[in-house]
Amino acid sequence: MTPDEIIRLRQELPCTMPFNYYTDRESAWLLQALLREDAPVRVLRQGRLAKLLDRPLVKPLTAVGDGVIRRADLQVLAQADGTVRYDSLNSATLTALERAFDLPWLDFELSFSVWGNSNWHWAQTSRPGRNLVVQLNFPGDHAALLERTVGLQDRGKFECPQHPVRRTGRPTLAWARLDIDRNNGVALIEEIQSDWLRFVRYELDDLRDQRPRSRALRDTQAYEAALTARYEKVWPRAMLLAALMLLRDRLGIAEVFYHQPGPGAALKHCRPPVSLYAAVPKAFCFEPTREVPPFLRPKRRKHLSRLPKDKPLFWKMAF
């Protein structure tokens with residue numbers, strides 16, 4: 001993206017946005033976003049969305065009723081914000097909604113930044129230009145946990161100054177880098193990444209080596225255990241859902257691409273964790289494709305031609 005495109009985009013976005021995440025929220029959101037209309041459950045079970053039907057939040061909608069799953073019911077579960085008229089809901093949707101309200105809610109906060117410069121190889125962007133960064137910042141109760149264990153003043157130990165994280169306010173748990181072509185309604189998710197948990201573990205390793213009997217080690221162990229239990233499995237799903245909701249619901253993007261592990265590493269000159277580019281998009285029902293985001297073809301024609309001829313180049317989701 002050009003600097004002008006980034007500026008125009010950021011002018012449309014607030015400084016911060018609330019983003020609540022509860023277990024399985026992505027299942028309901030993906031179903032309502034990818035379904036064009038109400039659909040028979042038996043038909044859905046034959047396609048790529050079948051895996052979503054048995055997720056805990058959605059399953060009550062398929063277990064009873066007339067065998068049809070309704071987009072309106074899914075939208076209620078995807079936006080379970082307390083504004084729903086309960087007298088308009090059937091019993092299955094009410095059961096599912098009550099389940100959602102009983103789950104732990106993580107009140108994340110989204111903020112936005114910019115990534116990229118003239119040295120685009122160093123910045124690991126797929127083409128020259130810049131990315132919009134969506135920062136997934138810790139829930140409000142994280143500050144109390146941090147203060148109770150390692151101390152608020154130690155925040156800097158778990159942040160990389162070269163990475164696109166928030167410097168003030170709530171710390172950044174994870175971020176997504178997005179390359180967006182609004183004229184054609186297409187976006188590429190360049191990466192989702194998190195430093196914080198990894199850096200806490202680096203700190204633990206150092207303390208075990210250098211101060212094995214210290215209170216700092218015990219406190220950091222307690223902090224790491226709490227973080228792992230609450231966020232390790234959650235952050236990739238919450239981050240990807242936040243990015244997709246922003247792209248589709250806020251910016252009107254119709255097609256979203258996501259890197260495959262091998263081709264993505266070749267185009268960005270990096271070796272990120274394979275699971276983030278294999279298991280995570282697959283769980284979100286992205287489809288493998290040899291199609292290339294249109295804005296990449298002119299800039300990376302030579303490099304794209306060198307990629308394997310018999311394997312998918314990207315993941316794709318079309319709304």
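**Close-up 1. The largest pocket holds about 560 Å³ of space.** This is a predicted model: local features need pLDDT of at least 70, side-chain atom pairs count only at pLDDT 80 or more, and totals for chains, interfaces and linings use all residues. Residues are numbered from 1 along each chain as its sequence is written, and side-chain values use heavy atoms, with hydrogens and water left out. A pocket is an open set of points on a 1 Å grid over the protein atoms alone, where a 1.4 Å probe fits, with protein on both sides within 12 Å along at least five of seven lines. Lining residues have an atom within 4 Å of a point. Points are joined across faces, edges and corners, and the volume is the space filled by probe spheres set on them. The lining counts 29 residues; Q193, S194, D195, R198 and P273 lie nearest the centre. At least two lining residues each come from helix 8 (120–123), strand 6 (172–181), strand 7 (186–193), helix 10 (196–210) and helix 12 (235–250). Helices (H or I, at least four residues) and strands (E, at least two) are DSSP runs, numbered from the N terminus. Helix 10 gives the most, with four residues. By class, the lining has 15 nonpolar, six polar and eight charged residues. Here Ala, Val, Leu, Ile, Met, Phe, Trp, Tyr, Cys and Pro count as nonpolar, Asp, Glu, Lys and Arg as charged, and the others, Gly among them, as polar.

**Close-up 2. The second largest pocket holds about 300 Å³ of space.** Its lining has 16 residues, with P18, F19, R25, Q79 and M245 nearest the centre. Strand 1 (16–21) and helix 12 are the elements that give two or more residues to this lining. Helix 12 gives the most, with five residues. The lining divides into 10 nonpolar, two polar and four charged residues.

**Close-up 3. A33 sits in helix 2 (residues 25–34).** A33 counts as buried because its relative accessibility is 4%. Buried means under 20% relative accessible area, exposed over 50%, and partly exposed in between (1.4 Å probe, protein chains only). Leaving out residues up to four places away in sequence, A33 touches R248 and F319. Contact means heavy atoms within 4.5 Å. These two partners also meet each other: the charged end of R248 sits over the ring of F319, 5.6 Å from its centre. The criterion is NZ of Lys or CZ of Arg within 6 Å of the ring centre and within 35 degrees of the ring normal. From A33 to R290 the C-alpha distance is 23 Å, across 257 residues of sequence.

**Close-up 4. Helix 6 (residues 71–78) is mostly covered.** Six of its eight residues are buried. They are R71, D73, L74, V76, L77 and A78. The cover over these buried residues includes helix 2, helix 5 (59–63), strand 3 (68–69), helix 7 (91–102) and helix 12.

**Close-up 5. The whole structure contains 12 aromatic pairs.** Rings of Phe, Tyr and Trp (its six-membered ring) pair if their centres lie within 6.5 Å; planes under 30 degrees apart count as stacked, over 60 as edge-to-face and the rest as tilted. F138 and Y231 form an edge-to-face pair, 5.3 Å centre to centre with 80° between the planes. F138 lies in the loop between strand 5 (131–137) and helix 9 (142–148) and Y231 in helix 11 (residues 215–231), so the pair ties together parts 93 residues apart in sequence. Both F138 and Y231 are buried. The pair of Y258 and Y277 is tilted, because the ring centres are 5.5 Å apart and the planes stand at 55°. Y258 belongs to strand 8 (residues 255–259) and Y277 to the loop between helix 13 (261–268) and helix 14 (279–283), 19 residues apart. Y258 and Y277 are buried. Ring pairs also link F108, F138, F158, W196, Y223 and Y231 into a cluster.

**Close-up 6. H269 and C285 have positive phi.** Most residues other than glycine have a negative phi. For H269, phi is near 60°. H269 lies in the loop between helix 13 and helix 14 and is partly exposed, with a relative accessible area of 42%. For C285, phi is about 70°. C285 lies in the loop between helix 14 and strand 9 (287–289) and is buried, with a relative accessible area of 2%.
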